[in-house]
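I opened this entry to keep track of what I looked up, one topic at a time. The structure comes first, and my notes follow.

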Amino acid sequence: MKDKAMTAKIETIVVLDFGSQYSQLIARRIRECNVYSKILPFNVPAETIRREAPSGIILSGGPASVYQPNSPKCDPEIFNLGIPVLGICYGLQLMVYTLGGKVAPGNAREYGKAMMKISDSSTLFEGLSGEIQVWMSHGDKVLETPAAGFKVLATTNNTEYCAVNIQGTKIYGIQFHPEVVHTPQGKQIISNFCHNICGCSGMWNMASFIEQSVQEIRQTVGDQKVILGLSGGVDSSVAAALIHKAIGTQLTCIFVNNGLLRKNEADRVQQLFADNFKMILCYVDATDRFLDKLDGVSDPERKRKVIGHEFVEVFNDAAKKIENASFLAQGTTYPDVIESVPIDGNPAAMIKSHHNVGGLPKDMKLKLLEPLSRLFKDEVREVGRQLGLPEDVVMRQPFPGPGLAVRHLGAVTRETLKILQNADEIVVNEIKKAGLYYKIWQTFAVFLPVRTVGVMGDERTYDNVIALRAVESSDGMTADWVKLPYELLETISSRIINEVRGVNRVVYDITSKPPGTIEWE
């Protein structure tokens, strides 16, 4: 689905991405203000932005230094468009540097919490006063603003130009990061920029998204047919419901059992969608086909590519039986796109490829239809609710496209896959019994290709290790590990060791994201 068509009738804040790890969080916070956000590359021409007619522009942070020869620079004409601008961290420094000020390395890198003193009750800080906590992450600092027109709005002990405004304009710059949770009043600052400075009315919501998406899907598909890979997860289920609302029986859902699903998942999915939702559902059991292709493959990126390629091949086989099938629909979401490739050409490094966006062959015979590719996870869930999906589907924990293959380190065998499936079922069941399943972003087991010595029944064992993973998150972009009760961890560990043959040790992953990712591969 094209962004331009979707956003033409709604107010938009454009985020120019200079390679910040927080660019997606900026976009997310804007949407929390009921304003649509769109990430564009840092070097997009000012004329292109003018044609987009955004209500405002935000310049993201970034790892570079503005005075370096090859550092990312925006078109300086952006500041002459008459569109409100907010520069964040690197964005502030770039604005000052572009307009004739001085930026240089600071005496020391400033990273972490700081207290900012607001010295001017500007529109940006409306509703705030005195000292507030902000989050810093920078090594350079503004030494001197351009000669005329810059007004200091706030300072810290180490940052003289913590917030500035070009007087008589709606151009602002801040040295801190309002998008992270460590700036408690950050959402208020972003809201002030979106609503009070840019004049957005806050009409972006999932009802308007559904209405526009339905129109777009109908225009894109016409009288052709769409096939969709239905896994039973939130993303594919919501995509199916949205597309079904738009084109009805032109949609055929194909459920491919790749053998890498959770225990008994194939039966549950068929019952839910074929029997309850009355969608056209084609079931393909390709377990042996996938597992044979994965034989001996241990590299995680290679696993994803093998699974992605085989997935499309299975679809091509199935598509031959469906006349006039021209589109392959997927539940790709915004975090999938952001983490897989530098979105729209931005300089951010790729973290990992995703099954939905990284494993598709160039000669794929079907055109892609990805109606959720600009939505964060909580937005996808809300779309599902508004489309009438039951809460147990909408709130189902995320499950990776490549399935248990990326929760199985090393080469997958039928024997070790069964061990992981049995252990994972125990984890999920115990989390549900504890009333925590819908409160936790993700909970799962990971098979480690490590064997350790143990003692069971007075005999020495040399068996496998299962790792437990439980994380809290709001959108999948950042995550903290969950401090599960010791009693629950003890129960899970005891059950796995006693009930899953081939496991004699259970460990708990206490790594947050960043620095780790949610999945192990």
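I looked up E499 and found it partly exposed, with a relative accessible area of 48%. I use buried for under 20% relative accessible area, exposed for over 50% and partly exposed for in between, with a 1.4 Å probe and protein chains only. The side chain of E499 meets that of R495 in a salt bridge of 2.8 Å, N to O. By salt bridge I mean a side-chain nitrogen of Lys or Arg within 4 Å of a carboxyl oxygen of Asp or Glu. R495 counts as partly exposed, at 23% relative accessibility. Helices (H or I, at least four residues) and strands (E, at least two) are DSSP runs, numbered from the N terminus.

Two notes on the source. The model is predicted, so I note that local features need pLDDT of at least 70 and side-chain atom pairs count only at pLDDT 80 or more, while totals for chains, interfaces and linings use all residues. Residues are numbered from 1 along each chain as its sequence is written, and side-chain values use heavy atoms, with hydrogens and water left out.

**Other salt bridges**

How many salt bridges does a search of the whole structure find? I noted 27. One of them joins R289 and E310, with the closest N and O atoms 2.5 Å apart. This pair links distant parts of the chain: R289 is in helix α9 (residues 287–293) and E310 in helix α10 (residues 300–319), 21 residues apart. R289 is partly exposed at 34% relative accessible area, whereas E310 counts as buried at 5%.

I then turned to R29 and E32, whose side chains meet in a salt bridge of 3.0 Å, N to O. Both lie in helix α2 (residues 23–32), three residues apart, about one turn of the helix. R29 counts as buried at 12% relative accessibility, and E32 is partly exposed at 28%. A network of salt bridges links R28, R29, E32 and D378.

**E179**

I placed E179 in the loop between β9 (171–174) and α5 (186–197). Its side chain has a polar contact of 2.8 Å with that of H177. A polar contact is a pair of N or O atoms within 3.5 Å; within protein, one must be able to donate a hydrogen and the other to accept it, and residues adjacent in sequence count only if both atoms are side-chain atoms. Leaving aside neighbours within four places in sequence, E179 is in contact (heavy atoms within 4.5 Å) with Y22, L25, I26, R29, I88 and I190.

**Aromatic pairs**

A search of the whole structure gave me eight aromatic pairs. Y111 and W135 form one that is edge-to-face, 5.3 Å centre to centre with 75° between the planes. Rings of Phe, Tyr and Trp (its six-membered ring) pair if their centres lie within 6.5 Å; planes under 30 degrees apart count as stacked, over 60 as edge-to-face and the rest as tilted. Y111 sits in strand β5 (residues 102–118) and W135 in strand β6 (residues 131–144), 24 residues apart. Y111 is exposed at 52% relative accessible area, but W135 is buried at 10%.

W481 and Y508 also form an edge-to-face pair, 6.2 Å centre to centre with 80° between the planes. W481 lies in strand β17 (residues 480–481) and Y508 in strand β18 (residues 503–508), so the pair ties together parts 27 residues apart in sequence.

**Cores**

I ended with the largest nonpolar core, which has 47 residues; I227, L260, I466, L468, L484 and I496 touch the most other members. A nonpolar core is a set of buried Ala, Val, Leu, Ile, Met, Phe, Trp, Tyr and Cys residues joined through side-chain atoms within 4.5 Å. A second, separate core of 42 residues includes I30, C33, M136 and A154.
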